[in-house]
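This briefing goes through selected features of the structure below. The points are grouped by topic.

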Amino acid sequence: MSSKKKTILKVIILGDSGVGKTSLMHRYVNDKYSQQYKATIGADFLTKEINVDGDRTATMQVWDTAGQERFQSLGVAFYRGADCCVLVYDVTNTKSFENIKSWRDEFLVHANVSSPESFPFVILGNKIDIEETKKVISVKSAQDLAKSLGNIPLFLTSAKSSINVDPAFEEIARSALQQNQNDADAFEEDFNDAINIQLDGEADSCAC
Amino acid sequence: MTKARTDSHFHDAEVLEDLYDSKPRKLGFPVKSPSVPNFHGVLKSNNYNSSVPLFNASAVDRLQADPGYSQGGSSANSLNGDDDANLSVIDMYGGDFDSPRKEQTMKKMDTLASGKGTDHNTDRISSNTVASTIETPIRKNVGSFDRYGFRKQTTYISEGEYDIWWTEYSQYCVRRKGKWELLLEKSGLSYAGDSPTRFPARSEKLKRYVRKGIPAEWRGNAWWYFAKGDEILNKNKGLYDKLLSRIDQIKVQKNREKLYPDLEIIERDLHRTFPDNIHFQRESFQDGESTMIKSLRRVLVAFSLFNPKIGYCQSMNFLSGLLLLFLDEEKAFWMLVIITSRYLPGVHNVNLEGVNVDQGVLMLCVKEYLPEIWSYIKPFYKTQNSNRVTMVSFSSNSSMHSKGTTKNEFLYKLPPVTLCTASWFMSCFVGVTPIETTLRIWDCMFYEESNFLFKASLGILKMSEQTLNKGKLHSTSLNHHNQLRSRKVSQDESDMELFQALQTFPKKLLNPNDLFEKIIFKRRITFNNLDQEEIDRCRKFVKNQRNKYKNYIEAVDSSQYSNGRASKYDDTGHNNGNNTNTFNTSTPISDTMIQDVLSSEGYGFKKGISGVNWNNSIKERVRQIRKRKDKE
């Protein structure tokens, strides 16, 4: 990609209500954690400038979503154009883990990505700071799931204790950038088609 | 027992009947109003109908008698602290909260109180290891909180800014209260120094008074009165108690989590409602959860049983939370019922269709009344496949504009910014604007109905215009094909900036009068002519359009899937009359369906006899023509 245009990487965070999506976003973008986040209604986003390939920078746009299922019907508009999708579960909450797959499927349905097989996802198992006895999702079962969904990278994180959040988002940024470039290349090809079609249209109108 | 008359607002006749037939149960917890310990003079113990459960009238009176009070070094304390009732609350958990012993107690308490389901936040104290990066818990400094118990400082407003503003605004409040008192006196409504329970008959004057703000300590009663709370309560006497007894039954029911999935979500949101409010804080009460949290839980669970069509929808926690600060629990419940049925119909339903409808209405209004803002918002559609940019342009200088091929598509594919504005409606600006501004909007919402939410939204959008202009947001419209690419990029960028601007702008609206004096009261601002009738008509129109489009787009989508690639909407508008060519797809879409959609007219706003709206639309057309000429 030769363009000097600023690259915008769009990242969507999905997962059940209360798994820590907002916390993860704030931890990554502002390196802060608070007990005082309110339930997210609709969507929020933060941006972070990141370095890619040493000298280039890109803007990472992290979208935090409402976790309640019914809000998915609002999300359609902003799933589109995503470069990476982050699926979050809470290691102390079985249901949030079981829902990972449906979150992914929902995303694919709404985002209409060009090639669903290769679209980058990252799974985060959050709240690993919580005492062992409360954890209900084993590392093994998480790995199995990640594998079964097409070798999705998996990170066990704690937004609260700042464990593994940066490495996870580095991976997210990397795969988002890759996806972004793939899309840009595809655009170049497609772009010419678009011109042709529109020119055809004009020819028609001139004829009448 | 009188049988409940089912009100037209409710979809749940069965539920009502069911509840009425069931025998009252003994309740396992205090049912009546949130009895905050030591909150003397406020709650009158368990008096159900004491209408100002937390908001203390005498505190405000005293404050308002001496607004200058708040100035000076220890202003903080004097603002709401030098008052018996308030002090008692604050005192209960004030001071040395950080002592290790207390932390231990608190931790234990947390664990006890939370039970299952709230694990995500409970071990808050065990965070010593990362203490450096964890924001310190709210300091229990009385002066850091406003008169409702909210922390003055937010991400966007400092405590100092708040105090400076409040010095002035509190004087305004005193003046307004004086006027209200005169008005009530003149209307022969006595209220014996207490909060009045009856208000004057509707009039332009009263409307203006409401718009200038209802005295804070009268709010609960005034909202209740204007929203006709008594009507609904009298029709449903005892129903809330029955709901509570049902909650009791459910508590001991096996597999209740499966039967009532809302319970878990409610549980998670209780402490994520007003973490910045003293009355809702986990650590506020040492003998268990705060009373407010318990009330909030009961109201939300009761509602989810009362209206299974809605159940629990996030954002209702904010509505209920604010109501509970001004009304007792039962009234708060009924007000929630009123808001979700009368003011925001369908908005909280499982499919949130009401949200989409209202956002469509808002977009129609923006397009009509705020064409400048619309030029930022108007969608630049991509086809299903994100990297194929063919466009449905609404560009005002495009020739197809008038053909109406896709005139209303934005009602179906709502512009991304509606994700942001949707939350304005769902939570009625709670958490969107600073609290005093939100309360002023609520005053008007209960008096003027939902059209005021649209006015307030349009007002905020209008105010944010400057912010938008500051950014290089609006790229000049690009018509040429070879600029498509840069347009895609710039569209992404401007979408992002727009969203960011609208996400943060309202949070800085500390002074309600910035919105009211500069926008709402200005007659020449045309959207102020919007009335409820117009909004209702708009809602109907949008609902209709969305239904049509839904069927139509689904058909297009399915044909795209079968084609294996995205079809392109060739919306150049040049294929006169031959509409089927518009869609590059092989799957038949019924002609009537296409006809139905393509023939749809745009919404026509009522043109006022005064000609104000009419002039506006002419102005807009002239603007477009001029623009077009400039281009040529």
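**Strand pairing in chain A**

Strand E1 (residues 7-15) of chain A runs parallel to strand E3 (residues 56-65) of chain A, and seven bridges join the two. The model is a predicted one.

- The strands of chain A form an open sheet of six, in the order E2-E3-E1-E4-E5-E6, and the pairing is mixed.
- E2 and strand E6 (154-156) of chain A are the edge strands; each has a single partner strand, so one side of each lacks a neighbour in the sheet.
- On average, and with direction ignored, neighbouring strands of this sheet are turned by 25° against each other.
- Strands of a sheet pair through backbone hydrogen bonds, in either a parallel or an antiparallel arrangement.
- Helix H4 (residues 100-111) of chain A lies across E1, strand E4 (84-90) and strand E5 (121-126) of chain A.
- The angle at which H4(A) runs to E4(A) is about 155°.

- A:Asp16 sits in the loop between E1 and helix H1 (21-30) of chain A.
- Is A:Asp16 buried or exposed? Its relative accessible area is 12%, and the cut-off for buried is under 20%, so A:Asp16 counts as buried.
- Beyond its neighbours within four places in sequence, A:Asp16 is in contact with A:Lys21, A:Gly67, A:Val88, A:Lys95, A:Ser96, A:Asn99 and A:Trp103.
- The side chains of A:Asp16 and A:Trp103 are joined by a polar contact of 2.8 Å.
- A:Gln68 is 52 residues from A:Asp16 in sequence, while their C-alpha atoms are 6.5 Å apart in space.

**Chain A overall**

- Chain A has six helices and six strands, and from the N terminus its elements follow the order β-α-β-β-α-β-α-α-β-α-β-α.
- Of the 208 residues in chain A, 57% are buried.
- Of the contacts in chain A between residues at least 6 apart in sequence, 72% join residues at least 24 apart.

**A helix contact in chain B**

- Helix H20 (residues 435-448) and helix H23 (residues 512-520), both of chain B, have axes that come within 7 Å and cross at roughly 45°.
- H20(B) and H23(B) are therefore oblique to each other.
- H20(B) contributes B:Glu436, B:Thr437, B:Arg440, B:Ile441 and B:Cys444 to the contact, where they meet B:Pro512, B:Asn513, B:Leu515 and B:Phe516 of H23(B).
- By class, this contact of H20(B) with H23(B) consists of five nonpolar, two polar and two charged residues.

Note on methods:
Residues numbered from 1 in each chain as written. Chains lettered and ligands numbered in written order. Predicted model: local features only at pLDDT ≥ 70, side-chain atom pairs only at ≥ 80, totals over all residues. Heavy atoms only, no water. Axes fitted to C-alpha atoms, helices over the stretch in contact; angles between N-to-C directions. Helix = DSSP H or I, 4+ residues; strand = E, 2+ residues; numbered from the N terminus. Parallel < 35°, antiparallel > 145°, perpendicular 65-115°, else oblique. Contact = heavy atoms within 4.5 Å. Nonpolar A, V, L, I, M, F, W, Y, C, P; charged D, E, K, R; others polar. Pairing = 2+ DSSP bridges. Buried < 20%, exposed > 50% of the residue type's maximum accessible area, 1.4 Å probe, protein only. Polar contact = N/O pair within 3.5 Å; in protein donor to acceptor, adjacent residues only side chain to side chain.
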